[in-house]
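Let's take a walk through a protein model together, stopping at a few residues along the way. Keep the structure open beside you, and find each residue as we come to it.

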Amino acid sequence: MSSSDQAATNGSGGSSGNKEADDTREEWEIRRDELKATGDGHFRSKAYQPAIQAYADALQLDPTNHIILSNKSAAHLANGEKSKALHDARKCVEHSDGKWSKGHTRLAAAMMSLGRYGEAADAYSTVLNELDPNNEVAKRGLEDCRKKEQQLREEKERELRKMQEVLDQQKKAEKEAQEEKETKTKNDNSDEGEEDDLLDDFFSEVEKATEKPKPTKNTPDNDSGEEPTNRIKTQMNDLGTSQSQIDRLLQVNYEWKNLNPFYVLDIPHTIDDDSIISARYRALSLLVHPDKCLDDPVRAKTAFEQVRKAMNQMNDVDKRKHVRALIDEGMKQGKRDWKEECSKSSNVHPDNKEGLAQAQSKATMKIFAEIEQKRREIERRKRKFEQRERAQEDDEKKKETDERRFHNEWREGERVDKRVGNWRDFQVDGKKKRTS
């Protein structure tokens, strides 16, 4: 075949040197590179959607090209499509066998945009520790991740401080209101004193359940190995029977009532002595352990899990402090609710300690329930987002598979057509030579 015939076959013009250079690639490769160059041009001019389309068309011809996948990920990220940027970045790392540092930095950038700073830091660390220790992009990215993580920690600390400030302000406002009422009339002062006495009496009665007996001459001292055993026995006597505790822990709506670990262990929230809390836990565990409740092992197991869950919260000092603050707020709110109910109804007597206790218990449980509802809502949204992200990835994978199958079939058909065409051209040229 002459050089002019070869140029026509390759669909290229210009010098013979350019023809030979183009001839080293197949037509689909030339088209792929043209589409990539088009996408690069759009990206530089910040026309991200046309750039994404050009890269997508190029990937139809070469679905495993990690460079085009990297560029498409960058275009998605610049266009605000974070999940799609993450999807393409993962494919880029996969098809570069994890040995291309830029693929990992693309993955890290997508992770950062989604707020996954820990995973982004891992990706940057992979570049610096395994691929390119001097990579400036990875160094800056890793530093940014650490700053973001620090900012998140500081924000959480600020939220906790703000919550504490709100509680302190409420306490201060209540104290000021109390002092103002005391200065008005002696009757108000008398009423407030009586209600405070009622609250103190309520706590005193509750604390009796776990109050440690005073040591006598015959009682072993604190260093003796017998005291913890005696303490647990005392706790078990205060707690009553196994069946009564199982019924208490598994009453209606127990999953909401048992959010308060002090309620589960049946001790006042004012107790902060680890030895008393531990003794109460062991005593209650012995009462409701499935091995000790052969008549009702299923419910006993559920009750035992509730006790163990509560103790896990109590072992965390910060959680215990937070729970105590919530209960304090619930007690105050319950007291306010009780006063309001007494003022509205003549049938409700303010000296009714049981009514006050019920109002405080109800207000406390409401606070815990509201926090738990918020936590569940956050978890629900998180799961929904992850499901949407997985569905999107599955759709992208299916689309890529379909496009790859279509392209392979098209390319195979093109080769067949090309071979048939060359054979026909050869036959025509042969006939011309014979007739000339």
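A310 is buried, because its relative accessibility is 1% and buried means under 20%. You can find A310 in helix α16, which covers residues 297–315. Keep in mind as you look that this model is predicted. Which residue is 47 positions from A310 in sequence and 8.9 Å from A310 in space? That residue is Y263, with the distance taken from C-alpha to C-alpha.

Now move along to helix α18, which spans residues 353–435. F368 is one of the residues found in this helix. Is F368 buried or exposed? With a relative accessible area of 7%, F368 is buried.

R388 and S83 are 305 residues apart in sequence, and their C-alpha atoms are 9.7 Å apart in space.

Stay in helix α18 for one more stop. K398 and D402 form a salt bridge there, and their closest N and O atoms are 3.2 Å apart. The two residues are four positions apart in the helix, so about one helical turn separates them. K398 is exposed, at a relative accessible area of 54%, while D402 is partly exposed, at 32%.

How many salt bridges does the structure hold? There are 24 of them. Let's visit another in helix α9, which runs over residues 136–184. The side chains of K147 and E143 meet in a salt bridge, at 3.6 Å from N to O. Both residues lie in helix α9, four residues apart, which is about one turn of the helix. K147 counts as partly exposed because its relative accessibility is 47%, and E143 is partly exposed too, with a relative accessible area of 44%.

Helix α9 also holds E157. Together with E154, E155 and E159, E157 forms a negative surface patch.

Next, turn to R32 and D33. Their side chains meet in a salt bridge, with N and O 3.0 Å apart. R32 counts as buried, because its relative accessibility is 12%. D33 has a relative accessibility of 27%, so D33 counts as partly exposed. This pair belongs to a network of salt bridges that links R25, R32, D33 and D62.

Cysteines are our next topic. A disulfide is a covalent bond between the sulfur atoms of two cysteines. How many disulfides does this structure hold? The count is zero. C145 counts as buried, because its relative accessibility is 0%. C293 counts as buried as well, at 9% relative accessibility.

We finish with two loops and a look at the backbone. Most residues other than glycine have a negative phi. N253 has a positive phi of about 60°, although N253 is not a glycine. Where does N253 lie? Look in the loop between α12, at 242–249, and α13, at 254–257. N253 counts as partly exposed, because its relative accessibility is 45%.

D266 is another residue, not a glycine, with a positive phi, and its value is near 60°. D266 is found in the loop between α14, at 261–265, and α15, at 274–288. Its relative accessible area is 32%, so D266 is partly exposed.

Technical notes. Residues numbered from 1 in each chain as written. Predicted model: local features only at pLDDT ≥ 70, side-chain atom pairs only at ≥ 80, totals over all residues. Heavy atoms only, no water. Patch = residues over 30% accessible without salt bridge, like charges linked within 9 Å, V, L, I, M, F, W, Y side chains within 5 Å. Areas by Shrake-Rupley, 256 points an atom, 1.4 Å probe, with all protein chains shown as cover. Salt bridge = Lys/Arg side-chain N within 4 Å of Asp/Glu carboxyl O. Lys, Arg positive; Asp, Glu negative; His and termini not counted. Charge placed at Lys NZ, Arg CZ, Asp CG, Glu CD. Buried < 20%, exposed > 50% of the residue type's maximum accessible area, 1.4 Å probe, protein only. Disulfide = S-S within 2.5 Å.
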